[in-house]
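Hi,

Here is the structure I promised to pass on. Please have a look, and then read my notes below.

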Amino acid sequence: MDRRTFIKAGAGAGLVAGTAGLAAPALSQGAAAKTLRFVPQANLANFDPIWGTQYVVRNAAALVWDTLYGVDETLTPQRQMVESEEVSSDGLTWTFKLRSGLKFHDGTPVLAKDCVASLIRWSARDPMGLMIKALQKELVAVDDRTFKWVLSAPYPKMLLALAKNNAPCSFIMPERIARTDPFQQITEYIGSGPMRFVRGDWVPGARAVFEKFADYVPRSEKASWLAGGKRMLVDRIEWVIMPDPATASAALQNGEVDWWENPIADLVPVLRRNRNIRVDIGDPLGNIGAFRLNHLHPPFNDVRARRAILAALDQEEFMRAIVGSDDSLWKPLPGFFTPGTPLYTEEGGDILKGPRNIELAKRLLAESGYKGEPVTMVVAQDQPVTKAQGDVAHQLLKRIGMNVDFVATDWGTTGQRRALKTPPAQGGWNIFFSWHAGADCTNPAGYTAIRANGDRAWFGWPDIPEVERQVTAWFDAKNLDEEKAAIRALNKAAVENVVFVPPGFFLTYTAWRSNVTGITKGPLPFFWDVAKA
Amino acid sequence: MFVYVVRRILATIPVMAVVALFVFSLLYIAPGDPAAVIAGDQATPEDVEKIRRSLGLDRPFVIRFGEWVWQIARFDLGTSIFTGLPVTQLIAQRLEPTLSLMVVTLIIAVSIAVPLGVLAAWKAGTIIDRTIMGFAVFGFSVPVFVVGYILAYVFALELDWLPVQGYTPISRGFWPWLENLILPSIALGMVYIALIARITRATMMEVLQQDYIRTARAKGLSQRTVLFLHALKNAAVPVITVIGIGVALLIGGAVVTESVFAIPGLGRLTVDAILRRDYPVIQGLVLLFSFIYVLVNLAVDLVYTLVDPRIRY
């Protein structure tokens with residue numbers, strides 16, 4: 001019993017007769033133990049995981065909607081809602097059979113037609129879905145539990161597309177909801193996942209509530225990330241939105257919340273000193289910083305100007321600005337793919353290793369024809385990661401002789417400005433900063449930032465045919481060796497041509513009360529198997 | 001009086017119209033793009049553009065403004081771009097915490113500041129006066145969030161007397177409601193206490209020099225009667241004016257206080273809406289705040305008649 005509860009209990013005993021009408025409805029100890037209070041990374045402002053692809057929406061959606069397949073901790077796709085699949089010998093026809101007994105939260109059975117409608121909506125928004133859609137000849141329900149996807153050419157990454165954890169995931173919704181235009185928001189939140197969304201308790205910006213779905217049938221296998229048996233050991237999960245990290249830290253120390261998804265590094269020492277709190281790396285796949293250059297306009301339309309930055313860039317400076325002095329939270333990254341994953345490579349990354357060469361950077365810059373024109377650097381100040389990268393980059397560019405026009409702004413404005421292709425003097429930009437979840441950077445499937453297909457590429461619009469050739473080679477690869485060969489060549493081409501500048505790889509912590517067990521490391525907070533004593 | 005009240009309420013309509021036009025224009029020219037925020041960081045420019053079109057954000061200013069005005073004329077503030085929920089529903093969800101915070105703050109502030117101001121005026125020039133005025137300077141100078149963090153550290157983390165954060169509706173009990181509001185109200189009320197205490201002291205000192213006060217004392221009335229019955233009542237008009245003006249301070253301060261104490265009120269809704277460029281929500285909130293401010297000023301004018309019978313409308 002904590003001191004406040006003790007004081008209240010004492011006061012209550014004294015005043016029980018007179019103040020009975022004023023007493024708060026008490027939760028029994030058992031009920032409190034069955035409610036997990038969680039502070040997510042951001043506000044759950046909308047709840048359509050196809051329409052809005054923010055990570056926080058994906059994380060909440062994974063509780064409510066199930067997927068046909070799910071990746072496990074080895075990044076291997078495993079069956080989830082699917083009982084079995086069959087692919088024709090020519091690789092053109094995929095036939096999927098659903099597990100029996102699957103139900104939506106409104107009590108209706110999950111049918112093949114629901115899967116078909118959901119996949120149609122998903123494939124209009126997801127990069128891999130769009131690739132499948134481009135090959136699609138037919139996507140139809142065969143019977144209540146079977147549906148068929150017929151393609152005009154083989155797509156070897158089909159199961160990965162349906163299992164991947166980067167947004168948008170191919171969540172399965174009832175047909176009537178899945179028929180919503182993919183660019184319009186759904187208005188019903190009915191899924192077949194292990195928890196149901198309590199819409200009446202949703203206060204965007206403050207709270208989101210999920211309750212255990214009694215009819216959920218978990219798989220028999222042990223849970224592993226998005227795969228296996230998703231067994232819920234709590235009855236209710238309350239997401240408590242706390243914009244202020246100091247408040248979240250105090251609430252965790254005080255026992256007002258049970259789990260804080262991403263404590264900032266500055267507060268971790270305080271949390272570690274509290275014997276009731278456990279702190280550990282949250283997502284082993286971490287994050288990759290992004291120092292994004294505009295390939296359309298001078299000076300960065302010349303590869304020598306882009307390479308000048310690689311020659312001078314000190315990743316340690318960038319990473320320390322983001323994570324502080326904790327060396328366990330960052331790694332140098334002479335490439336673009338997530339360290340510790342099967343396709344990780346440093347091929348072609350020598351320019352990012354060893355002592356930094358300012359003189360080489362200056363020489364490359366001069367060769368590119370740069371003569372001190374202003375370089376517009378847009379830096380969102382309301383995101384600690386972008387602000388830290390911007391501050392370090394500003395010094396770096398000044399050191400190599402660039403004339404930086406530092407535009408301090410917020411993330412909302414950055415989002416608008418980075419989409420402008422006009423020259424910087426007319427409202428466009430030369431540089432902005434972001435970061436990518438390491439889970440999205442394990443392969444090119446959901447890694448939009450690595451693509452270099454010109455106008456269709458991510459902001460900065462790099463146009464590098466060799467990168468695109470290797471992306472295609474990876475998609476066509478038949479086995480891991482072929483995939484690795486493609487990624488090695490891709491990484492080399494991406495570094496040589498500087499698709500973007502990678503300022504390094506960094507990790508973040510997660511923290512929870514010691515009476516909570518079962519928290520696993522992963523790219524999103526997994527609530528299955530989490531218990532509270 | 002009734003005609004005056006009706007006339008004042010009707011006069012709010014052109015004020016609100018000007019506010020509406022101003023806010024809409026300001027948001028239209030302000031940088032930022034809700035479609036980019038919705039689409040997420042990995043979205044392609046094409047996806048962002050499609051979302052922008054589906055939200056109608058690509059349409060001309062006149063059409064969007066005309067639609068919005070037509071909605072307001074039907075008492076409809078529109079729908080949030082992000083949540084898909086009606087703005088009125090979002091505001092209704094957040095109204096109780098903010099009103100509770102403001103009411104408790106007002107009660108705490110007035111009940112501390114007025115006696116302090118009276119005491120300072122009575123003991124003008126003494127150590128008591130200087131201490132109270134020193135406290136007032138402190139209240140003005142220290143930002144709300146600093147006071148908030150200190151209070152939370154001492155009374156929640158160290159002493160464990162009160163919760164760190166959150167809000168409990170009053171429907172779930174008086175004490176659970178109040179215990180969540182004590183620390184934020186004190187934090188928010190500091191500047192307000194300082195303001196009211198200073199103005200009370202200044203006006204009281206002026207009133208205490210008046211002949212009728214000397215007469216009251218000469219009649220042998222007690223110090224308490226002189227101060228609170230004769231002096232304070234005559235010093236009340238400027239104090240009430242400051243209390244009314246201070247409501248704007250409270251609204252501004254609530255934004256910070258609600259963030260520090262994780263109270264799901266209108267202040268946090270405002271910040272969230274601005275950061276995400278949720279235009280209908282921002283517009284609805286600014287209109288609401290303007291309306292509240294106009295109403296508070298009307299209430300202040302009406303209270304004048306209660307404390308000063310010479311004022312009639």
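Two strands count as paired if DSSP finds at least two bridges between them; strands (E, at least two residues) and helices (H or I, at least four) are DSSP runs, numbered from the N terminus. This is a predicted model, in which local features need pLDDT of at least 70, side-chain atom pairs count only at pLDDT 80 or more, and totals for chains, interfaces and linings use all residues. Residues are numbered from 1 along each chain as its sequence is written, while chains are lettered from A and ligands numbered from 1 in the order in which they are written.

Let's start with chain A. Its strands β1 (residues 35-39) and β11 (residues 259-260) run parallel and pair over two bridges. Phe38(A) has Trp259(A) as its bridge partner in β11(A).

Both strands belong to an open, mixed sheet of seven strands in chain A, ordered β8-β9-β10-β1-β11-β19-β12. At the edges, β8 (195-197) and β12 (277-281) of chain A each pair on one side only.

Now the contact between the chains, where residues touch if their C-beta atoms, placed from the backbone, lie within 7 Å. Chain A and chain B each give 49 residues to the contact. On the side of chain B that touches chain A, α3(B) provides the largest share, six residues.

Just after α9(B), Gly220(B) has a positive phi of about 90 degrees.

Best wishes

Notes: Contact = placed C-beta atoms within 7 Å.
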